[in-house]
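Colleague: I am new to this one. Could you show me how to read it, feature by feature?

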Amino acid sequence: MPMRTFLSVMLPQLFLFLLIVLLAFTADAVSLSSADVSMQQGTQAFQRGAFTEALSQWKQAADLYKGTGNYSMQIEALTHSAHASMELGQSKQALQSLELALALANQNGQSSLEAAVLGQLGHTYLSLRQLTEASEYLQRATTLGRQQDSATLLAAALNDLGIVSALHQRDKEALEAFQESRELAQKAKLPLLAATARTNAARALLRLGQPTSSRLTLDGAFESLKNLSSSRQKSLGLIGIALGYQRLIPQLPQERDPLLLRTAGVLQEAVSDAERQGDKRTLSYALGYLGHLYETEFRMDEALQLTRRALFIAQSVDAPESLYRWQWQLGRQLAATGRLDQAIASYRQATMTLQPIRSEMTQASSDGPLSEQETVKPLFFELADLLLQRAALTDEVKAIDSDLLAARDAIESYKTAELRDYFKDDCVDAVRSRLTTFDRLSPDTAVIYPIMFTSRLELLMSLPTGLKRITVPVTADQLTQEIRAFRRVVEKRTTHEYLPHAQQLYDWLIRPLEADLSPLPVTTLVFVPDSALRTIPMAALHDGSTFLINKFALAMTPGITLTDPRPLNRDKLRFLTAGLTKSVQGFPPLPHVVEEVQSLQQLYTGEQLMNQAFQASRLEHELRDGQYGGLHIATHGQFSTDVNDSFLLTFDGKLTMQSLDHLIGLFRFRQEPLELLTLSACQTGIGDDRAALGLAGVALKAGARSALATLWFINDEASATLIAEFYRQLRHPAVSKAVALQRAQVKLLSDRIYGHPAYWSPFLLMNNWL
């Protein structure tokens, strides 16, 4: 089950504990009837799950308190409204309210309120999975809490810090934080928070391989909750405990039946509690999880009935963040009972519901720490699988084409969601909204979607003549293992260990397509890779006689719908070149960057920012004032699992993806965007699929139509030679970017010294290949 113990179930409770902190510090506030009434009505609405009403009431209260100069109560109202905003998916508004509350606390010297607001800021960033910011604010709140000896504040902040540690897979550290949080919550007489900390501790114990201790801890959490009066927080706490029991079932098979009964009983109690409160949002979750429990026991009639109830209630209260989950669950149950058409319809409804939901509203649905990128992948891939299954059941050409196209579109939709999640902003949606789609591919181009299912590989190939589907009998585990092995050895310049792996991957990924490709004038293959396939150079795949790059020009794109279809505008290809040749910040020198820059200077007009001149401020100035169609950055770069850890090295610091977005973002709003972004010395970690995703998405983040970058670092003249040849070829009007790169790679490949793929294959052309 999804990890809602740490997030979607527990974080709403912790917010209310932080409000208790604020109330404690503002108890002596002067009574202002109209403002107080708004506060009370907001709280009542929030308890019912009516978040829009709650937000309106609390914003009104904040304005009224401001008018009377009651800053303590204004801060409380702002903090309330921030959480209502988060429940509605309005994270920017929530953070603005909290920053204002923090400024007010600082201005008025209210250190106790400052600590509470810092805790809520950390809590909000945690909800958004921005762990660096969350940790910073929570540490500050904890420091102030200890100085003030506030058990209430410390208990809430330590529980959140425990979640941060858990998400970083520091389970012992997390357990210690949860245990201290529980002790402090009991001292402060906060039984709901104590139960929350206990439930989280149980999850940490399970991850530490202590299922029996986890069971006992959950029992303690349940005992502390069951006799409390009904409330939204109690219902959410019960759901969290029930999911904890369900997680224990595979770990304690000897206690399977008692754990099943306990899980069902606790969820049923959560249902009853939510019904008594009239809290339909929480009721929808309780019923939905109960439906899933019955599904896991193959009691499909009860599962379908409960899931439909959860779905209907989520619709009635306009709760898309839970609605898509129950539409998805219903589709899965319908598929399991053989109702394929109904299942596909329900899956499609789930994807349509999910599309407008802001990313922060789905952050809480991960299966485990730092795995939120996998949250919605099964939804889209299961839909594609069902569509492919249905296509195989008919001989009607139109129906087959329709289902194949829909399967491809499902994968495209996932690619957009995946990049949105990686960059944690809406840059992907902004790009997609401006692009026209490829109505028809050029006769010389094929687009290939390798879709890795558990038991097989599906190759969808988009040709000028239509879509083709080829099924390859290789499991996802087998394919991934081969990809990892290939990636580990293809960089070794002194051996040919890579060759058997390159040939095996060719046999799985390319050879099955040859029969459809050979009659056509296809010269360019564009891959839309997934997962581990993003980490390898397709150019180095080998058919037993020659490399793939000798047969086809190659490109990669995160998705066709994210690719600008217009060809290269050579008339405006003026370059800004920035780079480092010297050693800075402990990174080695890049002496061959001089050759790159000189060759570019001979071929194109433009400006240079080298060494000391290559600073973020200078780069921003040039990009703002200069009319550049290309940006060539020759410096060390690292793409990491976390976008916040990805960077390009400058002389005076590091250019993060966020700062790159700020610097180059102005191209998104120009009539002519950046044509080409070249990063000639970057690298990604071996086996790091998320890092490769960042590399593939960097052109989108920078507002560039295309990007040329490397999978691994090449610090010798091979890189300079290839880059120079690429730019020379690009000057020919009839040569596409993909063909220009192909010719440059083949030139290096034919060189006796640089024939090994370690030298020429890591260069990838991403996004627009024309």
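This is a predicted model: local features need pLDDT of at least 70, side-chain atom pairs count only at pLDDT 80 or more; totals for chains, interfaces and linings use all residues.

Colleague: What do I look at before any detail? How many helices and strands does the protein chain have?

Modeller: Start with the inventory. The protein chain has 30 helices and 15 strands. Then look at burial. Of the 770 residues in the protein chain, 62% are buried. Then look at contacts. Take those between residues at least 6 apart in sequence: 72% of them join residues at least 24 apart.

Colleague: Is α12 mostly covered or mostly uncovered?

Modeller: Mostly covered. In α12, 17 of its 17 residues are buried.

Colleague: How do I read a pair of helices? What is the angle between α10 and α12?

Modeller: Take the angle and the axis distance together. α10 and α12 pack at about 15°, with axes 10 Å apart. An angle under 35 degrees counts as roughly parallel, so α10 and α12 are roughly parallel to each other. The crossing of α10 past α12 is left-handed.

Colleague: Which residues of α10 meet α12?

Modeller: On the α10 side they are Leu192, Thr199, Arg203 and Leu206. They meet residues of α12, including Gln233, Lys234 and Ile241. By type, the residues of this contact divide into 4 nonpolar, 3 polar and 3 charged.

Colleague: Which residues in α15 meet α16?

Modeller: Among them are Leu304, Thr307, Arg308 and Leu311. Their partners in α16 include Leu323, Trp326, Leu330 and Leu334. The residues of this contact divide into 11 nonpolar, 6 polar and 1 charged.

Colleague: Now single residues. Why does valine 164 count as buried?

Modeller: Buried means under 20% relative accessible area. Valine 164 has 2% relative accessibility, so it counts as buried. Valine 164 lies in helix α8 (residues 151-167). Setting aside neighbours within four places in sequence, valine 164 is in contact with Leu126, Ala134, Ser135 and Leu138. Valine 164 and leucine 126 are 38 residues apart in sequence, yet 7.3 Å apart in space, C-alpha to C-alpha.

Colleague: Is aspartate 171 buried or exposed?

Modeller: Buried, because its relative accessibility is 12%. Aspartate 171 lies in helix α9. Beyond neighbours within four places, aspartate 171 is in contact with Ala166, Ala204, Arg207 and Leu208.

Colleague: What should I know about phi?

Modeller: Most residues other than glycine have a negative phi. Lysine 189 has a positive one, near 60°. Asparagine 767 has a positive phi too, near 75°.

Colleague: Where are lysine 189 and asparagine 767 found?

Modeller: Lysine 189 is in the loop between α9 and α10. Lysine 189 is exposed, at 70% relative accessible area. Asparagine 767 is in strand β15. Asparagine 767 is buried, at 1%.

Definitions and conventions: Residues are numbered from 1 along each chain as its sequence is written. Side-chain values use heavy atoms; hydrogens and water are left out. Buried means under 20% relative accessible area, exposed over 50%, partly exposed in between (1.4 Å probe, protein chains only). Helices (H or I, at least four residues) and strands (E, at least two) are DSSP runs, numbered from the N terminus. Contact means heavy atoms within 4.5 Å. Ala, Val, Leu, Ile, Met, Phe, Trp, Tyr, Cys and Pro count as nonpolar, Asp, Glu, Lys and Arg as charged, and the others, Gly among them, as polar. Axes are lines fitted to C-alpha atoms, for helices over the stretch in contact, and angles run from 0 to 180 degrees between N-to-C directions. Angles under 35 degrees count as roughly parallel, over 145 as roughly antiparallel, 65 to 115 as roughly perpendicular and the rest as oblique. A crossing is left-handed if the near helix is turned anticlockwise from the far one by less than a right angle, and right-handed if clockwise.
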